[in-house]
Amino acid sequence: MNVEELKRIREKSQKEMDLRSGEKAIKLVVGMATCGIAAGARPVMAAIKDELARQNAKNVSVTQSGCAGFCEQEPLVDVFRPGETKITYGKVNPDKARKIVVEHILEGRVVNEFVFAQDK
Amino acid sequence: MQELSMHILDIVQNSLAAGATQVEIRIRENLAEDILMIEVQDNGRGIPQEVLYRVMDPFFTSRTTREIGLGLSLLKEATERSGGCLKVCSEEGRGTRVMARFQLDHFDRAPLGDMGETVGVIISGNPALDLFYEHQVDGQIYVLDTRGMRNILGPINLDDPLVLDFVRQDIQMGLKKIGAATFPKVMEVLR
């Protein structure tokens with residue numbers, strides 16, 4: 001492990017920490033059970049984190065969940081926005097994940113073509 | 001599962017589901033004996049003895065969302081098709097240890113895959129987890145320990161984008177430096 005590089009990251013991140021702190025209002029959940037991992041959830045998760053960082057999104061948390069029982073629709077991504085119904089995207093890949101981040105998370109528009117389920 | 005790193009991610013998800021706060025991933029490559037060992041140990045709630053003997057059965061799962069449990073049975077299949085075996089030890093209240101053994105240069109041994117992305121995804125979804133990752137190749141060692149990272153980073157969270165980038169790159173460079181075998185040698189020739 002490169003300790004010197006880690007120390008440089010601490011200096012750099014500390015300057016930006018105040019900007020990133022605050023309430024995480026929007027929540028994304030990636031299904032990460034065996035079915036999700038086998039279907040490609042790992043690169044989807046990496047793409048989401050990467051796109052959020054690239055877009056400098058400050059109020060979004062990303063977590064993982066187990067199997068929801070819809071294995072054939074994996075990788076699944078749930079989006080929770082305050083005051084809105086939960087949207088579940090199915091068969092997500094890294095490109096779709098980046099589009100979901102930009103259009104749904106940042107611009108507030110549901111990407112209907114990828115929606116698998118929506119809470120009533 | 002196309003890569004061993006995905007199996008590792010899957011096993012760690014089991015650890016997290018069992019309430020683990022500490023997970024250790026140890027990979028050892030013994031070139032002289034042509035052995036690849038992968039061990040994942042956690043401090044989760046452990047598996048009851050009456051369940052332990054069934055964990056590799058694909059038609060058994062503790063989940064309620066479906067009736068099959070493929071994680072460990074797929075890993076068992078991956079070890080056996082490359083001349084190895086899978087062993088699971090567990091003690092209730094103390095944790096679980098999964099040991100997967102492969103013939104390192106077996107034609108059918110799955111590639112290691114992207115350990116940087118696997119560890120990055122584990123940390124990004126579980127920044128409070130104490131994760132220890134060690135990879136040995138004939139005595140040369142690469143180590144990443146989130147407890148040590150926290151001591152250096154202070155108030156910076158482990159799921160900070162810069163830290164996650166560091167994790168991925170440090171693992172990729174570290175494994176290259178110690179000469180970790182991504183693919184079996186016989187496959188390297190064909191690639």
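Colleague: In which sense do strand 1 and strand 3 of chain A pair, parallel or antiparallel?
Modeller: This is a predicted model. Strand 1 covers residues 26-31 of chain A and strand 3 covers residues 77-80. They are joined over 4 bridges. In strand 3, A:Val77 is the bridge partner of A:Val30. The sense is antiparallel.

Colleague: Which strands of chain A stand at the edges of the open sheet?
Modeller: The sheet has 5 strands in the order 2-1-3-4-5, with mixed pairing. An edge strand here has a single partner strand, so one side is left without a neighbour in the sheet. The edges are strand 2 (60-65) and strand 5 (115-118) of chain A.

Colleague: What angle does the direction of helix 3 of chain A make with that of strand 2 of chain A?
Modeller: Helix 3 takes in residues 41-54 of chain A and packs on the sheet. It touches strand 1, strand 2 and strand 3 of chain A. With the direction of strand 2, the angle is about 170°.

Colleague: How many residues of strand 5 of chain B are buried?
Modeller: Buried means under 20% relative accessible area. On one side, B:Asp130, B:Phe132, B:Glu134 and B:Gln136 are buried. On the other, B:Leu131, B:Tyr133, B:His135 and B:Val137 are buried too. The strand is therefore largely enclosed by the rest of the structure, and the count is 8 of the 8.

Colleague: Which residue takes a positive phi in the hairpin of strand 5 and strand 6 of chain B?
Modeller: These strands pair in the antiparallel sense over 6 bridges. B:Phe132 stands opposite B:Asp145 in strand 6. The hairpin has 2 residues between the strands. The one with a phi near 45° is B:Asp138.

Key. Residues are numbered from 1 along each chain as its sequence is written. Chains are lettered from A and ligands numbered from 1 in the order in which they are written. This is a predicted model: local features need pLDDT of at least 70, side-chain atom pairs count only at pLDDT 80 or more; totals for chains, interfaces and linings use all residues. Side-chain values use heavy atoms; hydrogens and water are left out. Buried means under 20% relative accessible area, exposed over 50%, partly exposed in between (1.4 Å probe, protein chains only). Two strands pair if DSSP finds at least two bridges between them. Contact means heavy atoms within 4.5 Å. Axes are lines fitted to C-alpha atoms, for helices over the stretch in contact, and angles run from 0 to 180 degrees between N-to-C directions.
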